[in-house]
Amino acid sequence: MTALKTAEIDRFVARPDPAQPIVLVYGPDAGLVRERVDALVKASVDDPSDPFSFIRIEGDDLSGNPSRLVEEAHTVPLFGGRRAVLVKAGSRNIAGAVEPVIAAPSRECRIIIEAGDLKKSSPLRAMCEKAKVAAALPCYADNDAAVARLIEEELRAAELTIAPDARTLLVSLLGGDRLASRNEIRKLALYARGQSRIEVADVMAVVADASAVALDGVLDAAFAGKPAAVDAEFAKARADGSSPAAIISAAIRHVANLHRMRLAVEDGDSADFAMQRGAPPVHFSRKDIVVQALRLWTAARLVRVMSQLADASLEARRNAPLAEAIAERALLNIAMNARRRD
């Protein structure tokens with residue numbers, strides 16, 4: 001099996017193995033797929049703008065001419081040098097065009113296949129995972145640790161540091177799409193140019209509106225017990241580009257923060273004080289609806305919801321085609337149960 005593990009992927013992308021000239025890059029994080037494909041192209045050819053060295057083929061075109069891929073793989077460059085072919089998989093099955101390349105690979109030409117979220121049973125994925133001459137690079141949404149590393153990488157390049165509370169807030173706002181996350185961090189770094197350190201106010205000013213606010217609506221509607229609003233806000237979050245996995249992850253972080261605040265309230269703190277002690281602190285524009293949620297939910301009930309969301313996250317990963325329905329159902333269940341007293 002040549003499907004690479006997470007820890008191996010970055011090493012492979014930086015220095016592709018010549019013994020594996022065929023690379024399948026796939027997964028639900030389209031931004032990460034795009035980023036890794038671009039890195040592989042740069043590592044595989046001297047000049048990606050040279051049409052003799054780098055060829056792009058639409059996957060759907062291969063269905064009518066499946067022999068083209070193997071012909072391109074074995075074409076000798078007119079002026080020598082390294083060569084690469086990028087195939088962007090579409091709606092049609094291209095396993096039949098890839099099979100001859102796997103059977104007779106060229107060490108002088110790298111074949112890079114860019115695909116979306118492929119099931120384990122997908123012929124293309126199964127073929128590449130089994131072939132010794134191919135590598136399969138899955139691209140899943142970044143977890144908090146990966147987002148934190150991305151933040152450090154980008155801010156180090158910009159010669160900036162970030163306050164711990166600002167880092168916690170920024171991590172909570174990113175992660176659904178690698179390129180989107182990287183672009184938001186770079187935008188933040190540009191905004192903070194001339195400063196030595198990024199603070200919470202900087203993150204709120206630049207990043208919050210671009211990511212978390214798109215999810216605040218659906219999360220607030222769910223925990224305030226507003227099922228009708230969940231439908232509309234969920235559709236809005238999806239239209240803004242938030243993946244089902246990102247929505248569930250945001251819901252888990254949100255319920256953890258509500259639980260922390262609710263414990264503070266049960267210990268005698270005021271709701272205002274508890275919200276300021278949240279991680280991240282609650283923005284003033286959301287104060288009223290978060291207070292409403294704190295009144296509806298006890299700490300014990302929030303623990304149960306956290307467990308339910310963890311189950312939904314696992315179910316969504318196991319059933320990618322149903323991930324959207326699973327995420328929406330989980331939030332609707334929260335909204336419908338918010339006003340129960342048990």
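**Entry 1: second largest pocket**

I looked up the lining of the second largest pocket in this predicted model and found 16 residues. Those nearest the centre of the pocket are V305, Q308, N333, I334 and N337. The volume of this pocket comes to about 260 Å³. I then asked which elements give two or more residues to the lining, and they are α16 (299-318) and α17 (323-337). Of the elements, α16 gives the most, with seven residues. Sorting the lining by class, I noted seven nonpolar, six charged and three polar residues.

**Entry 2: largest cavity**

I found one cavity of 30 Å³ or more. The largest cavity holds about 40 Å³ of space. Its lining consists of L219, D220, F223, A224, H254, L258, I289, V290 and A293. By class I recorded seven nonpolar residues, one polar and one charged.

**Entry 3: α2 against α9**

I moved on to helix packing. Two packed helices are described by the angle between their axes and the distance between the axes. For helix α2 (residues 30-44) and α9, I noted an angle of about 85° and axes 5 Å apart. An angle of 65 to 115 degrees counts as roughly perpendicular, so α2 is roughly perpendicular to α9. On the α2 side, the contact is made by G31, L32, R34, E35 and R36. On the α9 side, I listed R178, L179 and R182. This contact has five charged residues, two nonpolar and one polar.

**Entry 4: α7 against α9**

I also looked up how α9 (residues 178-191) meets helix α7 (residues 144-157). Their axes come within 10 Å and cross at roughly 40°. Is this pair parallel or oblique? The cut-off for roughly parallel is under 35 degrees, and α7 and α9 are therefore oblique to each other. I wrote down the crossing as right-handed. From α7, the contact takes in L150, I151, E153, E154 and L155. From α9, I have R178, S181, R182, I185, R186 and A189. The residues of this contact divide into five nonpolar, five charged and one polar.

**Entry 5: cross-check on α9**

I went back over the two contact lists for α9. R178 and R182 are in the list for α2, and R178 and R182 are also in the list for α7. L179 is listed in the contact with α2, while I185 is listed in the contact with α7.

Conventions. Residues numbered from 1 in each chain as written. Predicted model: local features only at pLDDT ≥ 70, side-chain atom pairs only at ≥ 80, totals over all residues. Heavy atoms only, no water. 1 Å grid on protein atoms, 1.4 Å probe; cavity = no way out; pocket = protein on both sides within 12 Å on 5 of 7 lines; lining within 4 Å. Points joined across faces, edges and corners; volume = space filled by probe spheres on them. Nonpolar A, V, L, I, M, F, W, Y, C, P; charged D, E, K, R; others polar. Axes fitted to C-alpha atoms, helices over the stretch in contact; angles between N-to-C directions. Helix = DSSP H or I, 4+ residues; strand = E, 2+ residues; numbered from the N terminus. Parallel < 35°, antiparallel > 145°, perpendicular 65-115°, else oblique. Left-handed = near helix turned anticlockwise from the far one by under 90°. Contact = heavy atoms within 4.5 Å.
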